[in-house]
Amino acid sequence: MSKLRNFVLAGGLVAAFGWGCSPQAPSNSATPGPRSEQLQGEELAVLTHAPEVPLPITRQHPTKVIVKLEVREKVSRLADGVDYTFWTFGGQVPGCFIRVRQGDLVEFHLANHPSSKMPHNIDLHAVTGPGGGATSSFTAPGHESTFSFKALNRGLYVYHCATAPVGMHIGNGMYGLILVEPPEGLPKVDHEFYVMQGDFYTKGPNGQAGLQPFSMQKALEEKPDYVVFNGSVGALVGDKALQAKVGETVRLYIGNGGPNLVSSFHVIGEIFDDVYPEGGDTINHNIQTTLIPAGGSAITEFKVDAPGTFILVDHSIFRAFNKGALGMLKVAGEENKELYSGKQDDRVYQPEGGAVQEMPGESKTHPGARTKEERIRQGEDVFKQVCTACHQANAEGVPNVFPPLAKSDYLNADPNRAVDAISNGLQGEITVNGAKFNQVMPKLALSDEQTANVVTYVINNFGNKGGEITPEQVAKRRK
């Protein structure tokens with residue numbers, strides 16, 4: 001809750017002018033009523049930027065809710081070194097989260113900033129009426145349009161721009177979520193977060209630096225260069241990760257702006273206790289992965305029982321690890337070894353009838369490397385078996401996901417960094433050859449001999465400066 005209060009203070013200047021995503025104090029009353037109940041009073045809508053969500057509505061009567069949302073076309077970061085001209089509702093992608101109550105009369109003001117080059121409008125899937133509001137909200141640069149609608153149906157709904165060419169407007173980031181909360185409210189949880197997926201189509205390939213224009217050809221072929229949560233690669237990792245504590249309950253409001261791809265949303269290491277598929281009334285239980293169509297949504301709820309970093313992904317998995325659809329939920333708290341033990345043992349697997357197998361350096365018939373050349377040769381085998389899946393056979397890594405080991409200024413400055421990453425794992429932002437990376441590398445189950453060999457192999461190949469690491473050095477650096 002303190003995070004939201006800090007956000008309110010930071011948004012005060014925007015609130016003073018009445019535009020953009022800036023939470024206002026929720027109103028209060030007593031006893032819920034049906035959809036047909038008479039309106040009482042009016043209020044300015046609570047709007048927030050992702051991943052924040054406005055506070056639950058506690059008033060127990062419908063009212064007139066005034067929503068003020070501004071369209072801005074602005075250049076922002078899509079990935080490290082990559083900029084893009086986003087078209088936004090409220091200045092960011094996704095657009096502001098809107099929260100109203102079933103039965104409210106929503107007076108919607110859409111302003112198009114004078115600096116915009118295009119006219120825009122808004123189609124809210126929560127609207128019952130022509131174009132979902134699009135026919136009444138076509139707005140030229142420097143103009144403001146107003147229309148109203150009654151929030152008849154409860155649920156979580158997508159909104160987006162519907163000005164021609166519609167796909168291009170959505171593809172440039174013009175989408176968001178509106179929650180029509182039931183009169184009785186939703187079950188109480190400890191945290192609510194707003195996560196929205198989108199696919200982006202750039203003229204240059206994934207990772208090509210500079211200001212990238214939209215590619216209509218790639219969009220027509222449905223071949224995105226980036227698939228991301230909340231508007232950019234890394235928007236929900238590192239110090240921007242979602243936060244919770246063991247024992248707390250989490251609700252995710254998840255949208256998929258598209259414009260093309262269907263999302264297979266999954267949190268690695270968690271099971272959704274409840275899922276409201278497609279943002280409706282139906283509730284499914286104990287769900288591993290939920291489908292979210294382009295232009296659709298879902299609500300997931302779960303209790304976090306174990307500490308650690310839980311990874312949010314689109315389980316069309318190359319999108320997560322190669323195109324950006326990856327986020328983090330960091331959970332603090334005490335471990336419960338009965339619930340989840342962590343690794344308890346690591347030993348050589350010897351299939352029935354197989355030869356005796358031992359770890360390199362631990363067998364009399366397979367002694368450890370005695371020379372630097374032997375260490376390099378044995379390290380090559382470890383690299384091919386363990387490292388190529390992420391860092392690639394040429395050691396050039398994957399842009400924005402896995403750092404390069406080839407010609408690595410990070411490793412050449414101190415090869416012990418590689419030893420530490422293998423032996424103890426690595427988490428947090430690092431800079432390699434001028435590019436920033438912020439993923440999680442797990443601790444690898446390699447012996448001191450294997451670690452020394454593979455690091456020696458890497459620093460003596462792929463354009464690196466050379467050297468040698470010994471098992472004794474590795475042993476000293478293990479935690």
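Reader: How many disulfides does the structure hold?

Author: This is a predicted model, and the structure holds 0 disulfides. C387 is in no disulfide, and the nearest cysteine sulfur, that of C390, is 8.6 Å away.

Reader: Why is the sulfur of C390 too far for a bond?

Author: Set the value against the cut-off: a disulfide needs two cysteine sulfur atoms within 2.5 Å. The closest cysteine sulfur to that of C390 is in C387, at 8.6 Å, and therefore too far for a bond.

Reader: What makes N256 a buried residue?

Author: The relative accessible area of N256 is 0%, and the cut-off for buried is under 20%, so the word applies to N256. As for its place, N256 is in strand β15, residues 249-258.

Reader: What does the side chain of N256 reach at 3.1 Å, and how do you know that this counts as a polar contact?

Author: The side chain of N256 reaches the backbone nitrogen of G258 at 3.1 Å. A polar contact asks for N or O atoms within 3.5 Å, so 3.1 Å passes. A polar atom of the N256 side chain also lies 2.8 Å from the backbone oxygen of L261. Beyond the residues up to four places away in sequence, N256 touches others, including V158, M196, I292 and G296.

Reader: Why is one side of β14 and of β19 left without a neighbour in the sheet?

Author: Start with the sheet: it is open, has 5 strands in the order β14-β22-β21-β16-β19, and its pairing is mixed. β14 (242-245) and β19 (289-292) stand at the edges with a single partner strand each, so one side of each has no neighbour in the sheet. On average, neighbouring strands of this sheet are turned by 20° against each other, direction ignored.

Reader: How do you know that β16 and β19 are paired?

Author: Two strands pair if there are at least two bridges between them. Strand β16 (residues 263-268) is joined to β19 by 4 bridges, so the two count as paired, and they run antiparallel. S263 stands opposite I292 in β19.

Reader: Why is strand β4 described as largely enclosed by the rest of the structure?

Author: In β4 (residues 82-89), 6 of the 8 residues are buried, so the strand is largely enclosed by the rest of the structure.

Reader: Which strands pair with β4, and in what sense?

Author: Strand β3 (residues 64-79) is joined to β4 by 8 bridges and runs antiparallel. β3 and β4 form a hairpin with 2 residues between them, and G81 in the turn has a positive phi of about 80°. Strand β12 (residues 210-212) pairs with β4 in the parallel sense over 3 bridges. Look at Y84 in β4: Y84 is the bridge partner of S76, and in β12 the bridge partner of Y84 is Q212.

Reader: What makes L326 buried?

Author: L326 has a relative accessible area of 6%, under the 20% cut-off, so L326 is buried. L326 lies in strand β22 (residues 326-332). Leaving aside neighbours within four places in sequence, L326 is in contact with residues including F229, V237, I311 and Q439.

Definitions and conventions: Residues numbered from 1 in each chain as written. Predicted model: local features only at pLDDT ≥ 70, side-chain atom pairs only at ≥ 80, totals over all residues. Heavy atoms only, no water. Buried < 20%, exposed > 50% of the residue type's maximum accessible area, 1.4 Å probe, protein only. Polar contact = N/O pair within 3.5 Å; in protein donor to acceptor, adjacent residues only side chain to side chain. Contact = heavy atoms within 4.5 Å. Axes fitted to C-alpha atoms, helices over the stretch in contact; angles between N-to-C directions.
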